[in-house]
Amino acid sequence: MDIRQFGWDAGFEKRFDELGSDHSCLPARVVYAQRQMYRVVSEHGEHQARVSGRLRHQARLPADYPVTGDWVGIRFDPQDAGDGAAGIIHFTLPRKTWLSRRAAGQKAEEQLLCANIDRVFLVSGLDRDFNLRRIERYLSLIYEGGAAPVIVLNKIDLCSDLETKIAQLGTVAFDLPVICISALSGAGIEQLDPYLQADRTVSFVGSSGAGKSTLINRLLGREALPTAELRANGKGRHTTTHRELFLIPGKGMVIDNPGMRELQLWAHDESLADTFAEIEQLAGRCRFVDCTHAGEPGCAVRRAIKAGDLDAKRLDSYLRQKRELELLARTDGLSSADRSNLRRRERRRWEKEVRTRFKDRY
Ligand SMILES: Nc1nc2c(ncn2[C@@H]2O[C@H](COP(=O)(O)OP(=O)(O)OP(=O)(O)O)[C@@H](O)[C@H]2O)c(=O)[nH]1
Ligand SMILES: [Mg+2]
Ligand SMILES: [Zn+2]
């Protein structure tokens, strides 16, 4: 199997050579991860793998374990593994981009969702799933991980006020691509083609029931994933329960994700500055440099709201996210936040490569 079709390139190869110095390791990409059992693709094809005892021993945080989309170094030895795991994962390559959120629960801990993605399709149903504030949260989460968002509005067949919704979306999406489709009928999905390119990986996020798996099935041309209607109270169980990477011949890779009920941020201020670029810009014109936009004199942000140039709900959403991040920084999660900082630094090393990858996108 040629792993280049899974996105293996010179950049990964270079880092692999830096890490896998003893040459007995092979590169492999994680296509499925659940409870420390992994499925990977390597030059030997697709097979099971588990992490080495040493990796497990050294892992201090959940994010130290490989996730779907990671490139790892494995030793492949069919004789070696009695448990059906033909590969032993010895290390994970530095992640180019990623998606993570704050794990549910009291502890401030990062939950890494997937890694090495070029794009994220933020799938939102045009039914009652459509929610600007939720889209803002997803955007902060996506910007933090360094992948480029595309907003996919699904279920056009159920929507009678598309124009209004698109106009509303304009106040949070600015120049991001917005694509309207019906995953069920296939209407409009050819508009996704420019974002589905060989060697590139797209991760799908959005609420449960938004139609992520339906769309992936349609792109794959087979029912690879189960899909289901939400229960009438909107609380239905999550149909997708794990993250899995699929290869679409000629169109790169897609990663399905379970819908997220709790969307707690794991991010830094810089990501908010991307999501709320126009507010940050206005804030630069407030009289006080430390203006909290809570009613101080000479506040340019409040002025914009009065003038009708900025939606008060959007400022509210910005302040809410900001408070959430301040709280995160103050809790015992600091050390893991530092950890995430490290990863961001690593990403800066990647950035030039990421940018050249985006340049030839269209
Ligand atoms: N009317 C309509 N229904 C759709 C469309 N796309 C998906 N659905 C339906 O929406 C329901 C949920 O779709 P899924 O693909 O399972 O949603 P999901 O986003 O994968 O949900 P989770 O796996 O729980 O995160 C299913 O009953 C689909 O048939 C669409 O374009 N129009
Ligand atoms: Mg699903
Ligand atoms: Zn202000």
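User: In this predicted model, in which helix is the place of alanine 300?

Analyst: The structure under discussion is a predicted model. Within it, one helix spans residues 300–306, and alanine 300 has its place in that helix, H8.

User: Is alanine 300 buried, exposed or partly exposed?

Analyst: A residue is buried with 20 or more other C-beta atoms within 10 Å of its own, and exposed with 12 or fewer. Alanine 300 has 17 C-beta neighbours inside 10 Å. Because this count falls between those two limits, alanine 300 is classed as partly exposed.

User: Which residues does alanine 300 touch, not counting residues up to four places away in sequence?

Analyst: Alanine 300 and glutamine 281 are 19 residues apart along the chain, and their C-alpha atoms are separated by 9.5 Å. Contacts are a separate matter, judged by C-beta atoms lying within 7 Å. Leaving out residues up to four places away in sequence, alanine 300 touches Leu282, Ala283, Arg285 and Cys286.

User: Why is helix H3 described as largely enclosed by the rest of the structure?

Analyst: Helix H3 covers residues 132–145 and has 14 residues. Among its buried residues are Ile135, Tyr138, Leu141 and Gly145. H3 is largely enclosed because the number of its 14 residues that are buried is eleven.

User: How many Å does H3 reach from its first C-alpha to its last?

Analyst: At 1.5 Å a residue, a span of 20 Å is expected for H3. The helix comes close to that expectation, and its reach from first to last C-alpha is 20 Å.

User: Which residue follows H3?

Analyst: The residue in question has a positive phi, near 90°. The residue that follows H3 is glycine 146.

User: Which residue in S3 stands opposite valine 40?

Analyst: Strand S2 (residues 37–42) and strand S3 (residues 45–51) run antiparallel and are joined by six bridges. A hairpin through two residues connects S2 to S3. In S3, the residue opposite valine 40 is histidine 47.

User: Do S3 and strand S5 run parallel or antiparallel?

Analyst: Three bridges join S3 to S5, which covers residues 87–92. Arginine 50 stands opposite isoleucine 88 in S5. The direction in which S3 and S5 run is parallel.

User: Which helix gives the largest share of the shell around ligand 1?

Analyst: The shell divides into six nonpolar, 13 polar and four charged residues. Of the 23 residues around ligand 1, those that come nearest include Gly211, Ser213 and Thr227. The largest share, three residues, comes from the helix at residues 212–220, namely H5.

Key
Residues numbered from 1 in each chain as written. Chains lettered and ligands numbered in written order. Predicted model: local features only at pLDDT ≥ 70, side-chain atom pairs only at ≥ 80, totals over all residues. Near = placed C-beta within 6 Å. Helix = DSSP H or I, 4+ residues; strand = E, 2+ residues; numbered from the N terminus. Nonpolar A, V, L, I, M, F, W, Y, C, P; charged D, E, K, R; others polar. Pairing = 2+ DSSP bridges. Contact = placed C-beta atoms within 7 Å. Expected span 1.5 Å × (residues − 1).
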